[in-house]
Amino acid sequence: MLRVILFQVAISVTVGLVFLSTGFEKPASSLFGGLLSIVNTLLLARSINQAGVAAKEQRKDKSAFVLFKSLFLRIAIILIGFYFGIVYLKMDALQILVAFALSQLGYVFYKTKY
């Protein structure tokens, strides 16, 4: 799990440096987008662990409910994070979205690789 998070951090920093080299002034926006992606990854890992425990206890309905609840929680946190970063912190929306999307793709590719 730590490797996946470090991979996502590396992607976020790289995106920030690319935006910085192209004239954008706030690379922190890219780091914020990457942070949202990392939070999403940690919440997903937590819910999978909880669902696994429920499945071991032969409680398939609870296992499915945990995953379903986690999906809505993660979506809500991400949307609130985007709103907070763009509206209140006045960060660049493009950087946040690109860093988040690439970090999520990095998660998918890294997880399927290992």
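## Core and chain report

Seven residues form the largest nonpolar core: Phe-32, Leu-36, Ile-78, Phe-82, Met-91, Ile-96 and Phe-100. At least two residues of this core come from each of helix 2 (28-56), helix 3 (60-88) and helix 4 (93-113). A nonpolar core is a set of buried Ala, Val, Leu, Ile, Met, Phe, Trp, Tyr and Cys residues joined through side-chain atoms within 4.5 Å. Buried means under 20% relative accessible area, with a 1.4 Å probe and protein chains only. Helices are DSSP runs of H or I with at least four residues, and strands are runs of E with at least two, numbered from the N terminus.

The model is predicted; local features need pLDDT of at least 70, side-chain atom pairs count only at pLDDT 80 or more, and totals for chains, interfaces and linings use all residues. Residues are numbered from 1 along each chain as its sequence is written, and side-chain values use heavy atoms, without hydrogens and water.

Ser-37 lies in helix 2 and counts as buried because its relative accessibility is 0%. Its side chain makes a polar contact of 2.6 Å with the side chain of Gln-104; such a contact is a pair of N or O atoms within 3.5 Å, one able to donate a hydrogen and the other to accept it.

The table lists contacts (heavy atoms within 4.5 Å), leaving out residues up to four places away in sequence.

| Residue | Touches |
|---|---|
| Ile-78 | Leu-36, Asn-40 and Phe-100 |
| Ser-37 | Gln-8, Phe-100, Ser-103 and Gln-104 |

The protein chain has four helices and zero strands. Of its 114 residues, 37% are buried. Its C-alpha trace spans about 55 × 30 × 15 Å along the principal axes.

How values were computed
Buried means under 20% relative accessible area, exposed over 50%, partly exposed in between (1.4 Å probe, protein chains only).
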